[in-house]
Amino acid sequence: MRDRPDHPRQLGHLRLVRELPDSNVGRRWIGLHEHRRTNHLVYRLPGRRDRGERRDVLSLLERISAIRHPHLLPIEQYTLGSDGSAWIVAPYTGNQAGLVTLNDVLEAKGGKMPSFEAERTIEHLLSGVALAHEHGVIHGPVIEDELLVDRHGSLLVELYGLRVGLEGQTEHSPELARDEIRAVVQTGYRLVTGLAPEEPIIPASRVVKRLERRWDAWFERGLDPTDGFDSANAAMDALRSGELAPEAPVIRAKSVLGRLGWAGLGSKRQDR
């Protein structure tokens, strides 16, 4: 870790042992709990001098830390520093080489993944979004570098709701929810086809041989800017049931991102 004068080397029982690339909300380290010998992610948000802004940040952290879901990275602890900066502690999801993102996995797989893996990935993401929306919290269009993959192949959204909350967007609305769900469908299109979801949209079954036609119907509905899915649960139910294309058989995937391609990622350094 570079010797920087603007942060401590110790945060309670956590010793900052290695600096990681900055996240979308601030600086980020691996922290070692000296008693438990466990690794954690430690974030430092920029300092705020105004007391009202500090209160707003604490209120936001309290709100989003209360949301617990297997596919949303949980906030374990948070506190304010003497300079008004916010410190956040979360579980460490990476390996010895650093964090692994969904982009890293896609790169290892040649830019796309089998449809059953893509389906489970999309379900992970939509199930987390659904719970957060029930709590009135939004994240906005998910940036793919915010999608972490842990050592068990499970997807987690990094600090869901924090980025847009710090930007001042804290109110949930149906329009914002639909925009976020559309962004999830866009991610799904890229996972299945390896292509960006740009107009004109190429039907996924024309890109991937023997792909079930239900995907075409799901993408057509989910990517429609005026007639997308109203909720994450609706999008998830349609994907699982194939109700938009009832003639298509539904293949149930038993693995939960079981083979997301960790092989080859172990040597990928993130302290560049």
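The model is predicted, so local features need pLDDT of at least 70, side-chain atom pairs count only at pLDDT 80 or more, and totals for chains, interfaces and linings use all residues. Residues are numbered from 1 along each chain as its sequence is written, and side-chain values use heavy atoms, with hydrogens and water left out.

**The whole chain**
- You'll find eight helices and eight strands here, taken as DSSP runs numbered from the N terminus (helices are H or I, at least four residues; strands are E, at least two).
- Of the 272 residues, 52% are buried, meaning under 20% relative accessible area with a 1.4 Å probe, protein chains only.
- Take contacts (heavy atoms within 4.5 Å) between residues at least 6 apart in sequence: 64% of them join residues at least 24 apart.

**Helix α1**
- Helix α1 covers residues 51-65, and its end C-alpha atoms are 21 Å apart, which agrees with the 21 Å that 15 residues should span at 1.5 Å a residue; the expected span is 1.5 Å times one less than the number of residues.
- Its buried residues are Gly52, Val57, Leu60, Leu61, Ile64 and Ser65.
- The cover over those buried residues includes β5 (77-80), β6 (86-91) and α4 (162-166).

**Leucine 211**
- Look for leucine 211 in the loop between α6 (204-207) and α7 (214-222).
- Leucine 211 is buried, as its relative accessible area is 9%.
- Leaving aside residues up to four places away in sequence, leucine 211 touches Ser115, Val192, Ala204 and Ser205.
- Leucine 211 and valine 192 sit 19 residues apart in sequence and 9.2 Å apart in space, C-alpha to C-alpha.

Methods. Buried < 20%, exposed > 50% of the residue type's maximum accessible area, 1.4 Å probe, protein only.
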